[in-house]
Amino acid sequence: ELYQKYHVDSVRYFILSESGYSDDGNFSEKSLKYRCNSDLANTFGNLFTRVIAKKLNPDNEWPMFNRDLLKEEENDLIEQIEGFLSKVNELYIQADFLTLTQDVLTLLFAANKYFHESAPWKLDRNNTDEKLALENILYICMEVVRIVASSMNPIIPEATEKVFEHFEIHGDHRNPLKYGFGYQYTGKGPVPDKPFILFDRYK
């Protein structure tokens with residue numbers, strides 16, 4: 001009955017993020033709706049929607065990463081990404097899904113905060129310096145989306161499959177241990193032909 005009312009990804013995520021693997025935890029549909037709306041739709045889904053927005057990338061080009069132009073807060077976020085990646089394998093070995101999902105949320109919160117404070121919508125793509133700054137913002141946040149999708153694939157496989165297909169990431173390129181920060185994107189570009197919603201919101 002539960003799987004008829006809620007997406008299987010949502011149920012899997014909620015159980016593992018609330019109670020981990022060994023703890024029975026406390027289940028309620030109200031909590032499931034809240035966590036899935038807050039964590040998946042509003043946090044992960046929101047960042048995904050931001051980095052593929054046509055308004056910020058009207059030419060549908062893969063953003064170029066310019067390491068020489070990084071600001072302090074960007075270096076800090078990249079360091080956080082790499083720190084997260086260094087722990088993923090061990091968390092799966094230990095079946096510590098509670099910590100894994102908490103670390104994923106921490107990274108997503110940081111990326112959303114960085115995106116909001118950077119205000120890429122205020123940057124002028126016709127100005128060379130501002131366009132380079134905009135591309136760094138989009139690239140870094142796109143990398144967070146990709147790395148979270150790769151790391152969370154065993155837990156929310158259907159949603160992360162949508163991310164992989166959209167970004168045209170196949171085979172072992174989906175392995176976050178082999179392809180950490182600095183991925184070289186190829187394909188037709190990140191902007192979808194029509195609105196793309198990664199997670200539905202529960203009412």
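Biologist: Which residues lie nearest the centre of the largest pocket?

Modeller: H7, S10, L198, F199 and D200 lie nearest the centre, among the 13 residues that line the largest pocket. Please keep in mind that this is a predicted model, in which local features need pLDDT of at least 70 and side-chain atom pairs count only at pLDDT 80 or more, while totals for chains, interfaces and linings use all residues. Residues are numbered from 1 along each chain as its sequence is written, and side-chain values use heavy atoms, with hydrogens and water left out.

Biologist: Which helices supply the lining of the largest pocket?

Modeller: Helix 2 (8-19), helix 3 and helix 7 (157-167) each supply at least two residues, and the largest share, 3 residues, comes from helix 7. A helix here is a DSSP run of H or I with at least four residues, while a strand is a run of E with at least two, and each is numbered from the N terminus.

Biologist: How are the residues of that lining divided by class?

Modeller: The lining of the largest pocket has 7 nonpolar, 2 polar and 4 charged residues. Ala, Val, Leu, Ile, Met, Phe, Trp, Tyr, Cys and Pro count as nonpolar, Asp, Glu, Lys and Arg as charged, and the others, Gly among them, as polar.

Biologist: What lines the second largest pocket?

Modeller: Its lining consists of E73, D76, L77, Q80, A110, K113, Y114, E117 and S118. Helix 4 and helix 5 are the elements that give two or more residues to this lining, and helix 5 gives the largest share, 5 residues.

Biologist: Why is helix 4 called roughly antiparallel to helix 5?

Modeller: Helix 4 (residues 72-93) and helix 5 (residues 97-118) pack at an angle of about 165°, with their axes 10 Å apart. Axes are lines fitted to C-alpha atoms, for helices over the stretch in contact, and angles run from 0 to 180 degrees between N-to-C directions. Angles under 35 degrees count as roughly parallel, over 145 as roughly antiparallel, 65 to 115 as roughly perpendicular and the rest as oblique, so helix 4 is roughly antiparallel to helix 5.

Biologist: What is the handedness of the crossing of helix 3 and helix 5, and why is helix 3 called oblique to helix 5?

Modeller: The angle between helix 3 and helix 5 is about 45°, and their axes are 10 Å apart; that makes helix 3 oblique to helix 5. Their crossing is left-handed, a term used if the near helix is turned anticlockwise from the far one by less than a right angle, with right-handed used if clockwise.

Biologist: Which residues of helix 3 and helix 5 meet?

Modeller: Contact means heavy atoms within 4.5 Å, and R35, D39, T43, F44, N46, L47 and R50 in helix 3 meet L105, L108, F109, A111, N112, F115 and H116 in helix 5. By class, this contact has 7 nonpolar, 4 polar and 3 charged residues.

Biologist: What makes helix 5 roughly antiparallel to helix 6?

Modeller: Their axes come within 10 Å and cross at roughly 165°, and that makes helix 5 roughly antiparallel to helix 6. The residues of the contact of helix 5 with helix 6 divide into 14 nonpolar, 4 polar and no charged.

Biologist: How many cavities are there, and what lines the largest cavity?

Modeller: The count comes to 2 cavities of 30 Å³ or more. The largest cavity, with a volume of about 50 Å³, is lined by Y13, D39, L40, F44, T101, V104, L105, L108, V148, M152 and I156. Helix 5 gives the largest share of that lining, 4 residues, and the lining divides into 9 nonpolar, 1 polar and 1 charged.

How values were computed
On a 1 Å grid over the protein atoms alone, a cavity is a set of points where a 1.4 Å probe fits but cannot get out, and a pocket is an open set with protein on both sides within 12 Å along at least five of seven lines; lining residues have an atom within 4 Å of a point. Grid points are joined across faces, edges and corners, and a volume is the space filled by probe spheres set on the points.
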